[in-house]
Amino acid sequence: MAAFGSFCLLIALALAAYNLLAGAIALRLLATGQPTRISPERLADTARRAGIAGFIAVTGAAFALIWSVFTNDFSITYILEHSNRALPIPYKFAALWSGQEGSLLLWAWLLGTYGFVLRLRHKTDVKLYAYAGTILSGVQVFFLSVLVFAAPPFSLLPGYVAGGPVPADGNGLNPLLQYPEMVIHPPMLYLGYVGFSVPFAFALGALMMRYPGEKWIKITRTWTMVTWLFLTCGIFLGMHWAYAVLGWGGYWGWDPVENASFMPWLTGTAFLHSVMMQERKGMMKSWNVWLIFSTFLLTLLGTLLTRAGLVSSVHAFAQSSIGTWFVVFMCIVLAVCIFTYVLQRSHLKTEHQLESLVSRESSFLFNNLMLLTACFVILWGTLFPVLSEYVEGSKVTVGAPFYNAVAVPIGLFLLFLTGVGPLLPWRSTSMKAIKRNFVMPSIALWVTVIVCFVAGANPWKGGTFDQGRFYAMVAFAMSAAVFTAIVAEFLRGAAVIMRQTGRNLFAALWLLTRRNTRRYGGYLVHIGVVIVVVGLAGAAFNKNIESEMGLHSKISIGPYTLEQVGASQDSNLNYDSDYALLDVYKGGKKVFQLAPEKRIYLVSGQPQTMVAIHSTPEWDLYVVYEGANPDTGQPIIKAFLNPLVGWIWFGLAVIVAGTFIALVPSLTPATAALRIPATQSTPIEPALKGGA
Amino acid sequence: MGAPARFAFWMRAVEASVLAVAICFSLGATDASARFNNLGHRLMCTCGCAQLLGECNHVGCPESGHELKELTAAIASGLSDQQILDGFAAKYGATVLAAPPTKGFDLVAWIAPFAVFAAALMGTILLIRRWGGLRGKKPAVETGELVALDTAEQERMERIRRETGEGGF
């Protein structure tokens with residue numbers, strides 16, 4: 001199977017190279033119009049078919065690796081290092097992305113899959129799709145080259161000959177990865193990373209061919225939103241994994257690898273917003289092109305950080321010397337982008353001008369400014385230790401205090417824009433409209449501040465000022481204002497429909513959303529963001545307690561009292577585990593039992609905590625069994641009371657729902673008859689176009 | 001209230017808000033447990049776990065236990081926060097600090113984000129000026145794009161816009 005996998009990779013590389021070369025020649029011939037013996041259209045079609053065949057070849061390679069994991073083929077170095085016989089079946093799949101070679105193969109396979117779908121849909125716009133397909137094949141050539149020459153996943157054990165002895169068992173999967181979310185978190189993240197190759201390819205292709213109009217943006221809109229959704233889910237699943245597995249009570253540690261996934265998300269989010277300026281007003285064309293170029297480059301940087309050991313990270317599960325390959329490729333991509341932009345920048349002239357500082361357009365500008373500043377801050381913080389070491393010869397740590405001081409205020413301002421943006425109309429607005437739209441959110445803001453003070457969630461803790469609690473209070477107040485602003489938008493629209501159709505509120509809201517799914521789906525995403533922010537702000541009020549607990553000894557945290565009622569042990573082929581059994585009382589009454597666990601994986605001998613979490617909308621009771629005191633043999637328990645954490649995961653669900661709604665085509669408006677026919681040029685037509 | 005008076009009022013309001021926030025921030029943590037918690041989150045555990053000292057949860061961690069004891073002792077001895085941080089940095093190296101120090105080249109780490117933000121903000125304002133946003137809006141008729149609509153008509157247009165707007169927010 002190793003030979004079959006390697007052969008598939010070689011074939012895939014040859015097909016991708018053919019796709020790139022034949023596609024480039026065909027598009028050049030089409031652009032110059034030179035007469036040739038071969039029809040450029042036919043040549044381009046052979047390139048497209050090679051891309052489809054390449055997908056089948058990469059699929060064959062991925063299948064070969066999975067098959068090798070399941071058949072415990074320990075003659076393959078990768079399988080020996082990342083699997084073992086007792087590994088549960090779902091984690092056998094996870095072995096594909098648990099190491100560097102496998103994750104690069106996953107990247108190549110996902111890129112092949114995206115390319116396959118793109119090439120099947122080529123009739124939408126044959127020429128643009130040919131450009132995009134050729135650019136994607138260029139990216140594929142890079143990844144397959146790395147897989148074939150630098151990080152081959154099917155390399156055999158040194159000195160191994162066919163039929164010779166192989167190790168009886170493998171080294172097993174990293175215990176940190178043996179958690180259900182690890183089966184879906186990396187693929188989600190990679191679907192997001194790889195997915196941004198598609199809008200990148202369309203943007204670069206459209207620029208190369210001087211594609212007329214903004215149709216390429218409409219074509220890539222679905223691709224971009226789906227990709228963004230995958231990346232969002234990937235990031236949140238990673239947060240939940242960190243929360244449930246690492247056992248430190250938090251979900252985000254500003255680790256370089258976490259940052260690497262967050263940066264393309266920020267630029268991708270900026271792109272999703274600013275692209276509307278181009279669709280509506282023909283503005284920010286250069287900006288959008290560079291946003292998507294940057295997003296793609298940041299996905300490569302993320303992979304570089306994760307896989308090449310450029311910066312140290314607890315998440316970098318595999319490190320090697322492929323960094324040089326990535327740096328060279330990123331330089332090539334950047335050079336191609338700059339060259340194409342300089343050559344074709346006259347095609348990107350802005351068509352309209354901004355009419356007012358207080359308008360939807362300017363809110364998008366500021367939104368982009370803040371998102372890009374946040375991206376820079378994170379990039380700067382991630383790479384500064386490397387820079388500091390280069391300049392001063394010694395490393396420094398850039399950890400949570402730096403990001404909390406710099407990135408949190410930016411995040412709060414972004415939250416503010418999340419609420420303000422939808423309240424501002426396109427083009428310009430009046431003071432009267434501003435007053436009308438901002439009264440209720442302002443009231444909500446100040447009421448929340450008062451409630452925070454009354455409820456004790458104020459910035460003063462024990463008589464001293466606490467910056468974290470101050471930010472939390474601002475976040476709560478701002479969230480209330482933004483939530484009110486968005487809900488008011490829904491209600492205003494629904495009220496019109498209720499008046500016109502006599503429907504009830506819920507039916508009117510449903511119809512309103514279906515009439516403009518993109519707009520109201522987007523609002524729902526904003527509500528999801530608000531819910532997430534509330535959940536994040538809850539961290540300012542975390543409590544924890546650590547204690548060695550003998551039988552029937554008790555600890556209290558918040559409203560809960562935990563009593564140790566026993567310990568237990570379990571064992572299977574993969575790991576041994578120790579449990580502490582804790583009865584949890586609230587108001588003197590037993591409400592549930594928790595069993596935090598500590599595992600020792602047999603093959604690797606590595607320990608792993610399995611946190612016990614009891615979630616309510618108010619807080620999470622999060623209990624870690626840290627192990628037994630070697631002197632007394634008694635379990636050491638650390639309990640956290642983490643307020644509002646559940647809101648983060650609920651917010652993700654709302655974001656997912658909102659994105660799905662935004663992806664659904666809108667219904668034809670019932671009031672379409674009120675539209676002025678497009679051919680009839682009247683003074684009010686622009687107002688209609690600029691509407692919503 | 002005239003425009004200058006209104007401007008002066010808002011300026012005073014902004015000044016008062018800034019002053020209030022500055023006073024709040026300057027209060028800082030003072031009691032020992034708050035200082036312990038604060039400093040524990042400004043130092044890293046040196047065992048290689050990449051966690052903050054105050055959050056390191058490894059059972060049998062060879063470093064965090066005695067580092068926390070040193071921190072408790074340093075607070076009890078009456079040293080200032082900066083002296084404690086400097087002491088840890090001298091003993092364990094600069095990587096024990098969870099954020100770059102605000103001196104020498106490392107000060108760049110703190111300045112750059114704000115400098116970039118200021119530059120980007122300036123760029124955005126210049127861009128808006130270039131696009132005409134701050135030069136005052138031309139009369140709608142002059143632009144040839146819109147005619148002035150009366151209030152009722154604007155309301156009607158707003159309603160139509162809400163119900164028929166396609167795509168985008």
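The pLDDT is the predictor's confidence in each residue, on a scale from 0 to 100. This is a predicted model, in which local features need pLDDT of at least 70 and side-chain atom pairs count only at pLDDT 80 or more, while totals for chains, interfaces and linings use all residues. Residues are numbered from 1 along each chain as its sequence is written, and chains are lettered from A and ligands numbered from 1 in the order in which they are written.

**View 1. Confidence along chain B.** Chain B has a mean pLDDT of 71, with 58% of its residues at 70 or more. Helices (H or I, at least four residues) and strands (E, at least two) are DSSP runs, numbered from the N terminus. Within chain B, helix H4 (residues 81-92) has the highest confidence, at a mean of 86, and helix H6 (residues 140-143) the lowest, at 41.

**View 2. Packing of helices H18 and H19 in chain A.** The axes of H18 (residues 517-537) and H19 (residues 645-663) of chain A lie 7 Å apart, at an angle of about 170 degrees. Axes are lines fitted to C-alpha atoms, for helices over the stretch in contact, and angles run from 0 to 180 degrees between N-to-C directions. H18(A) and H19(A) are therefore roughly antiparallel to each other, a term for angles over 145 degrees.

View 3. Strands S8 (residues 597-601) and S9 (residues 607-610) of chain A pair in the antiparallel sense over four bridges; pairing requires at least two bridges found by DSSP. Opposite A:Gln608 in S9(A) stands A:Arg599. Five residues separate S8(A) and S9(A) in this hairpin, and A:Gly605 in the turn has a positive phi of about 75 degrees.

Definitions and conventions. Angles under 35 degrees count as roughly parallel, over 145 as roughly antiparallel, 65 to 115 as roughly perpendicular and the rest as oblique.
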